[in-house]
Structure formats: C-alpha cells, structure tokens
Amino acid sequence: MADPTCPACSAEGIENIVSAESAERAKGGNPWFHVVYCDRCGHIYGVLAKHVFGPASGPTLVVKDRR
C-alpha cells in the first residue's frame, strides 16, 4: 500500500498529515474551519469548513469587530 508523500518536503506517511482548528469561533464555540497540513514543513493540503451557515432559524455566526 502506498503512503502519501508531501509535495513540499517529501515526508512519507499519513502520520505526517495533521489538522488544527481555527482560532476564529462561532457563537457556540465551534471552530469555523480546520487546516490540514504537513507537520514537518507546514505545507497546507487544504482548509475544511467546520461551521456552516444554516437557515435563519439555525445557528448564528458572530464576527467580532476588528477595529
């Protein structure tokens, strides 16, 4: 069976692919997204949405004023 290989640093193995939650959080405390990256060099494989907008009666998203 073939192991995934990082295109940036050639690290082999699924154990080198990790994820981290975003610092930005929804009102309920859930992260907005997860970043999937190589733990050796930091190459980003992708960003996965964690918090999704629902219908008007569903969860609300609060964005802090960044001024």
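Of the 67 residues in the protein, 18% are buried, where buried means under 20% relative accessible area, exposed over 50%, and partly exposed in between (1.4 Å probe, protein chains only). The model is predicted: local features need pLDDT of at least 70 and side-chain atom pairs count only at pLDDT 80 or more, whereas totals for chains, interfaces and linings use all residues. Residues are numbered from 1 along each chain as its sequence is written, and side-chain values use heavy atoms, with hydrogens and water left out.

**Exercise 1. State how many helices and strands the protein has, and give their order.**

Solution. Step 1: helices (H or I, at least four residues) and strands (E, at least two) are taken as DSSP runs, numbered from the N terminus. Step 2: the protein contains zero helices and three strands. Step 3: read from the N terminus, the elements run β-β-β.

**Exercise 2. Determine how many disulfides the structure holds, and examine Cys-9 and Cys-38.**

Solution. Step 1: the criterion is a pair of cysteine sulfur atoms within 2.5 Å. Step 2: a search of the whole structure returns zero disulfides. Step 3: for Cys-9, the closest cysteine sulfur belongs to Cys-41 and lies 3.7 Å away, which is too far for a bond. Step 4: Cys-38 is likewise in no disulfide, its nearest cysteine sulfur being that of Cys-9 at 3.9 Å. Step 5: Cys-9 is partly exposed at 33% relative accessible area, while Cys-38 is buried at 1%.

**Exercise 3. Identify the salt bridge and classify the accessibility of Arg-25 and Glu-21.**

Solution. Step 1: a salt bridge requires a side-chain nitrogen of Lys or Arg within 4 Å of a carboxyl oxygen of Asp or Glu. Step 2: the search of the whole structure finds one. Step 3: this pairing joins the side chains of Arg-25 and Glu-21, with an N to O distance of 3.0 Å. Step 4: Arg-25 is partly exposed at 34% relative accessibility, and Glu-21 is partly exposed at 44%.

**Exercise 4. Locate Ile-14 relative to strand 1, and describe its accessibility and its spacing from Pro-4.**

Solution. Step 1: Ile-14 lies in the segment before strand 1. Step 2: the segment before strand 1 (17–21) also holds Glu-15. Step 3: Ile-14 is exposed, at 57% relative accessible area, and Glu-15 is exposed at 55%. Step 4: Ile-14 and Pro-4 are separated by 10 residues in sequence, and their C-alpha atoms are 6.1 Å apart in space.
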